[in-house]
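Subject: Structure for your review

Dear colleague,

Please find below the structure that I am handing over to you, followed by a summary of what was found in it. I would be grateful if you read the two side by side.

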Amino acid sequence: MSVGGEAARSPDFVQSLERGLAVIRAFDAEHPRLTLSEVARRTGLTRAAARRFLLTLVELGYVHTDGRLFSLRARILALGYAYLSGLGLPEIAQRHMEALVAQVQESCSVSVLDGDEVVYVARVPTKRIMTVGINVGTRFPAYATSMGRVLLAAQPADWLDDYLATASLRPLTRRTVTDPARLRAVLTRIAGQGYAIVDQELEEGLRSLAAPIHGEDGTVVAAVNLSAHASRGSFELIRRELLPPLLATARRIEEDLRGAA
């Protein structure tokens, strides 16, 4: 969360913009309201610098303050919406996701890879099955999610080598794969079979399946998933019931993407 160092910065790098964005990213689902001191601590900025950035964001309408606590305002959504609008994928995928959810009665999401995390860009929920709420913009570590693994498996070999050498693979549950060699083997299998299934590695009781979404040029541009509570049935039963309609939905989204292009 803290602002990065000075190494390998280009002459055109604007550090004040980096710091301003770090202040915005200091707020998240676990920290929706922060004091000045907390923002400074989470960003690595001095209190004076954090105060200037916060008050600028307040004046621009992106942050609200009651004099002690600061929080993001709804206007901040416009920053992310510009990306989503240009992407086109959420609008194209939405009706297919809704049809899939109506068919299987489980939540469906689409995400893209951003660094070492997946970012949700579309979602059709049914019932809440995770302790953490999921919305458009939610991020999770790619290594522990079905969509993340589909997206990681599609990356170039050099990129994946660097990722496995540097990623922090923390155990989120007792089932989470945290060994880089084992994760590489999992990703190799996913690349070959064309889908991923994660069994309670992100959160206990949560199983998810994901399929890649290919763009017009054949590269993987996103992933679509279904999430189900483990109580729905055995691992094999969930695979048998949910995987075929999920793969069919991914193909329909791809067809519409090609048509839009």
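Two strands are said to pair if DSSP finds at least two bridges between them. Strand 1 and strand 3 (residues 69–72) are joined by three bridges, and these two strands run antiparallel. Within this pairing, Thr35 has Leu69 of strand 3 as its bridge partner. Please note that the model is a predicted one.

The sheet

In general, the strands of a sheet pair through backbone hydrogen bonds, in either a parallel or an antiparallel manner. Here, three strands make up an open sheet, their order is 1-3-2, and the pairing is antiparallel. Strand 1 (33–35) and strand 2 (63–65) are the edge strands, each pairing on one side only. On average, neighbouring strands of this sheet are turned by 30° against each other, with direction ignored.

The second largest pocket

The volume of the second largest pocket is about 210 Å³. This pocket is lined by 15 residues, and those closest to its centre are Arg149, Val186, Arg189, Ile197 and Phe235. Helix 8 (180–193), strand 7 (196–199) and helix 9 (235–260) are the elements that each give two or more residues to the lining. Which element provides the largest share of the lining of this pocket? Helix 8 does, with five residues. Sorted by class, the lining of the second largest pocket consists of eight nonpolar residues, one polar residue and six charged residues.

Yours sincerely,

A colleague

Methods: Residues are numbered from 1 along each chain as its sequence is written. This is a predicted model: local features need pLDDT of at least 70, side-chain atom pairs count only at pLDDT 80 or more; totals for chains, interfaces and linings use all residues. Side-chain values use heavy atoms; hydrogens and water are left out. On a 1 Å grid over the protein atoms alone, a cavity is a set of points where a 1.4 Å probe fits but cannot get out, and a pocket is an open set with protein on both sides within 12 Å along at least five of seven lines; lining residues have an atom within 4 Å of a point. Grid points are joined across faces, edges and corners, and a volume is the space filled by probe spheres set on the points. Helices (H or I, at least four residues) and strands (E, at least two) are DSSP runs, numbered from the N terminus. Ala, Val, Leu, Ile, Met, Phe, Trp, Tyr, Cys and Pro count as nonpolar, Asp, Glu, Lys and Arg as charged, and the others, Gly among them, as polar. Axes are lines fitted to C-alpha atoms, for helices over the stretch in contact, and angles run from 0 to 180 degrees between N-to-C directions.
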